[in-house]
There are 2 protein chains.
Amino acid sequence: MINIHIIGAGSIGLLFAHRLSKCGHSIQIITRSEKQSEELNRHGVVNQSAQKITAGPLEHTQFHQADAVLIAVKQYHLEAIMPAISDIPASIPLIFLQNGMSHLEHLSSLTHEHIFVSTVEHGAKKLNAYSVQHNGVGWWRLAAYRGEDEKLQSILACHHKDFPIEYESDYLKLLRVKLIKNLMINPLTAIFQVKNGVLADNPYFNKMMISLYEELSAVFPEEIGYCSFQDILDLCRRTAENESSMLSDIKAGRKTEVESLTGYAIKIAEEKNVMPVLLIFLEKSILAIQIERGSD
Amino acid sequence: MINIHIIGAGSIGLLFAHRLSKCGHSIQIITRSEKQSEELNRHGVVNQSAQKITAGPLEHTQFHQADAVLIAVKQYHLEAIMPAISDIPASIPLIFLQNGMSHLEHLSSLTHEHIFVSTVEHGAKKLNAYSVQHNGVGWWRLAAYRGEDEKLQSILACHHKDFPIEYESDYLKLLRVKLIKNLMINPLTAIFQVKNGVLADNPYFNKMMISLYEELSAVFPEEIGYCSFQDILDLCRRTAENESSMLSDIKAGRKTEVESLTGYAIKIAEEKNVMPVLLIFLEKSILAIQIERGSD
């Protein structure tokens with residue numbers, strides 16, 4: 001058993017609290033507000049199998065007893081908590097769970113000895129402050145941004161068929177392959193308000209995805225080899241009934257993570273003199289929808 | 001007074017029947033079905049000021065007494081009635097009111113001496129088989145595809161502040177400038193389910209339109225000079241509360257005219273070695289939505 005602090009009580013924070021506590025780890029969830037912590041402490045995380053989950057707001061949290069800190073806030077909330085993350089003792093391993101790539105620029109300024117990034121393919125939907133619904137099993141893939149992977153031993157041991165974990169050696173490839181998948185699925189499902197499976201089944205969405213895939217192939221010629229068009233279709237079909245996180249965000253009137261997904265890809269495209277017409281169009285589409293829905 | 005036959009009892013057919021009858025012309029509306037004609041003959045066109053409108057189904061119509069025939073069916077219904085149009089005596093002027101450009105290929109095979117094409121900027125919504133609501137006043141612009149413009153004299157005299165008419169000399173320019181406007185407004189409003197004004201007001205839609213305008217500028221370098229980006233924004237603002245015909249079609253679960261709008265532009269782009277990435281994406285988007293809505 002190790003002590004794991006999880007910053008962020010969104011769907012992924014709650015799902016990981018629940019799953020890691022099932023492995024016997026002691027979990028402390030760190031919330032933004034006192035009220036969220038109180039609710040979590042009163043109810044626990046619904047469906048939890050162990051009673052080791054506690055919660056507290058960020059401002060009162062001491063991290064020195066943590067064996068690892070998972071950072072599970074949305075990409076666009078990361079900046080606000082970077083000062084608090086900087087204050088975590090430098091020997092404690094940090095594990096980031098953000099989508100996209102834009103958190104990388106924050107990581108370089110941290111002095112921590114062990115920093116890991118990871119990608120999450122679980123489908124999870126937060127039902128209220130303390131309940132999360134696990135909609136789809138997917139891989140949690142981790143890679144070292146800095147430091148030694150032995151620090152992850154206890155966490156990697158939590159591997160289970162409903163919570164499969166994999167360790168990867170190349171963090172940039174890991175994040176970019178996930179980025180490609182997200183870029184292929186999230187904006188389209190959010191713009192057209194369709195579940196993942198529709199992208200694979202509707203012949204015109206299929207053709208649109210081929211065009212987008214061609215654009216991404218020019219931007220990420222190496223990584224695209226680890227993520228064939230067929231892989232993307234398979235992923236859509238395997239998660240046919242899922243709503244992408246971006247579609248959920250749009251439906252709930254929340255801000256989406258579009259800029260942290262597209263921003264990095266557009267920057268890389270520019271470096272390579274590729275004109276990412278569709279990526280720019282998709283980014284603007286989502287930002288336009290956010291304004292219309294008041295979630296800007 | 002002249003005898004005008006109008007083929008098609010959709011929103012534009014009914015609007016033109018109403019307006020042209022107000023000018024004193026005798027109108028015969030030609031419908032697809034016997035039932036539509038009966039309803040029109042029973043009720044007249046609602047709000048009509050004259051009683052000269054009669055209706056009959058296409059199969060029973062004799063055109064030899066017509067002074068002009070307006071063809072007001074949707075672009076994609078045109079092919080089905082081309083045999084009937086071919087049978088209209090060759091001396092009777094034909095006036096086409098279709099959006100897009102794909103009707104041009106049908107026109108070349110006709111033997112008629114006087115063929116006119118035209119663009120319609122009125123906002124009109126059909127309420128039932130015999131009622132039409134006039135939502136926005138706009139220009140009806142005509143140009144000769146073949147023959148002499150004197151044949152239009154009586155019709156051009158119907159010009160009124162609520163029904164402004166203009167004669168243009170270059171039919172290809174006329175249609176292409178309208179095509180550019182339609183391509184800029186219709187697919188985006190239909191995909192994002194927004195009224196015209198939103199395209200001008202929302203800064204991200206605005207940026208998306210700039211990208212699309214750049215693409216269209218490469219496809220139609222001459223015509224774009226007659227249709228500045230500011231003109232498009234003005235048009236969106238002038239018709240801010242209007243729903244584009246494509247949005248109305250999507251909402252009503254009807255097939256849209258997307259292919260007759262984009263198909264021509266994509267063909268011209270290919271001839272000029274321009275890759276119309278956004279046009280293709282917009283076309284596929286609308287076709288995908290049509291499948292999801294069952295209006296394919």
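So, let's start with Arg141(B): at 15% relative accessibility, it counts as buried, since the cut-off is under 20%. Keep in mind that this is a predicted model. The partner of Arg141(B) is Glu166(B), and their closest N and O atoms sit 2.9 Å apart in a salt bridge. That pair ties together distant parts of the chain, with Arg141(B) in strand E9 and Glu166(B) in strand E10 of chain B, 25 residues apart. Glu166(B) is partly exposed, at 28%.

Next pair: Glu121(B) and Lys181(B), whose side chains make a salt bridge at 3.3 Å, N to O. Here Glu121(B) is in the loop between strands E6 and E7 of chain B, while Lys181(B) is in helix H6 of chain B, 60 residues apart. Buried or exposed, these two, Glu121(B) and Lys181(B)? Both are buried.

Over in chain A, a network of salt bridges links Glu121(A), Arg141(A), Glu166(A), Glu168(A) and Lys181(A).

One more from chain B: Asp249(B) bridges to Lys74(B), with the closest N and O atoms 3.2 Å apart. Those two are 175 residues apart, Asp249(B) in helix H10 and Lys74(B) in the loop between strand E4 and helix H3 of chain B. Asp249(B) is buried at 2% relative accessibility, whereas Lys74(B) is partly exposed at 25%. Over all chains, the structure holds 26 salt bridges.

Now, how many salt bridges cross the interface of chain A and chain B? Zero, by the rule used here. There are four residue pairs in polar contact across that interface, though. On the chain A side, helices H6, H8 and H12 each supply at least two residues, and H12(A) gives the largest share, eleven residues. That side divides into 17 nonpolar, two polar and three charged residues. The two chains bury about 2,000 Å² between them, 84% of it on carbon and sulfur atoms. In chain A, Tyr204(A), Phe281(A) and Lys284(A) lose the most area to chain B, together 30% of what that side buries.

Last stop, the inside. The largest nonpolar core has 143 residues, and Ile85(A) and Ile85(B) have the most contacts within it. Among the residues that Ile85(B) touches are Ile7(B), Leu94(B), Phe96(B) and His112(B).

And have a look at Phe16(B), in helix H1 of chain B. Phe16(B) has a relative accessible area of 0%, so it counts as buried.

How values were computed: Residues numbered from 1 in each chain as written. Chains lettered and ligands numbered in written order. Predicted model: local features only at pLDDT ≥ 70, side-chain atom pairs only at ≥ 80, totals over all residues. Heavy atoms only, no water. Helix = DSSP H or I, 4+ residues; strand = E, 2+ residues; numbered from the N terminus. Buried < 20%, exposed > 50% of the residue type's maximum accessible area, 1.4 Å probe, protein only. Core = buried A, V, L, I, M, F, W, Y, C linked by side-chain atoms within 4.5 Å. Contact = heavy atoms within 4.5 Å. Buried area = accessible area lost by both parts, 1.4 Å probe. Salt bridge = Lys/Arg side-chain N within 4 Å of Asp/Glu carboxyl O. Polar contact = N/O pair within 3.5 Å; in protein donor to acceptor, adjacent residues only side chain to side chain. Nonpolar A, V, L, I, M, F, W, Y, C, P; charged D, E, K, R; others polar. Lists of a residue's contacts leave out its neighbours within four places in sequence.
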